[in-house]
Amino acid sequence: MTPSWRKPAGALLILAMITVWAVLVASLADTVTLWPILAQTLFYLLTGLIWIAPLKPLLRWMETGRWRDGGEAP
């Protein structure tokens with residue numbers, strides 16, 4: 001069985017997504033530092049979690065080659 005190209009491509013895509021997300025969030029740092037500390041905390045908490053959302057379909061694609069769940073029961 002030959003290894004799938006999707007896993008290394010997906011790993012590179014994950015690293016690229018994290019890099020882009022981190023640059024985007026860091027570019028907002030000057031504005032965010034002007035906010036009250038509670039708002040800053042919420043902002044960084046949410047932005048620290050939001051990047052995870054696209055991982056499920058990407059990981060599914062890496063494993064199966066499909067972006068969406070086929071609806072089959074395990």
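These legends go with a set of close-up views of one predicted model.

The model is predicted, so local features are described only where pLDDT is at least 70, side-chain atom pairs count only at pLDDT 80 or more, and totals for chains, interfaces and linings use all residues. Residues are numbered from 1 along each chain as its sequence is written, and side-chain values use heavy atoms, with hydrogens and water left out.

**View 1**
Going along the sequence, the pattern reads α-α-α-α. Helices (H or I, at least four residues) and strands (E, at least two) are DSSP runs, numbered from the N terminus. Of the protein's 74 residues, 18% are buried; here buried means under 20% relative accessible area, exposed means over 50%, and partly exposed is in between (1.4 Å probe, protein chains only). Take the contacts with a separation of 6 or more: 57% of them come from residues 24 or more positions apart. A contact means heavy atoms within 4.5 Å.

**View 1. H1 packs against H4.**
Two packed helices are described by the angle between their axes and the distance between the axes. Helix H1 (residues 6-27) and H4 sit at an angle of about 160°, with their axes 8 Å apart, which makes H1 roughly antiparallel to H4. Axes are lines fitted to C-alpha atoms, for helices over the stretch in contact, and angles run from 0 to 180 degrees between N-to-C directions. Angles under 35 degrees count as roughly parallel, over 145 as roughly antiparallel, 65 to 115 as roughly perpendicular and the rest as oblique. H1 brings Arg 6, Lys 7, Ala 9, Gly 10, Ala 11, Leu 13, Ile 14 and Met 17 to the contact, while H4 brings Leu 55, Leu 58, Leu 59, Trp 61, Met 62, Glu 63 and Thr 64. Sorted by class, that contact has 10 nonpolar, two polar and three charged residues. For the sorting, Ala, Val, Leu, Ile, Met, Phe, Trp, Tyr, Cys and Pro are nonpolar, Asp, Glu, Lys and Arg are charged, and the others, Gly among them, are polar.

**View 2. Five residues form the largest nonpolar core.**
They are Ile 14, Leu 55, Leu 58, Trp 61 and Met 62. Helix H4 (residues 55-64) supplies the largest share, four residues. A nonpolar core is a set of buried Ala, Val, Leu, Ile, Met, Phe, Trp, Tyr and Cys residues joined through side-chain atoms within 4.5 Å. Skip the neighbours within four places in sequence, and Trp 61 is in contact with Trp 5, Arg 6, Ala 9, Gly 10, Arg 66 and Trp 67.

From Lys 56 to Trp 67 is 11 residues in sequence and 9.0 Å in space, C-alpha to C-alpha. Just after H4, Gly 65 takes a positive phi of about 90°.

**View 3. Thr 47 and Gly 48 lie in helix H3.**
H3 covers residues 37-50. Thr 47 is buried, at 11% relative accessible area, and touches Trp 21 and Val 25, not counting residues up to four places away in sequence. Gly 48, in contrast, is partly exposed at 34%. Gly 48 and Ala 22 are 26 residues apart in sequence, yet 9.1 Å apart in space, C-alpha to C-alpha.
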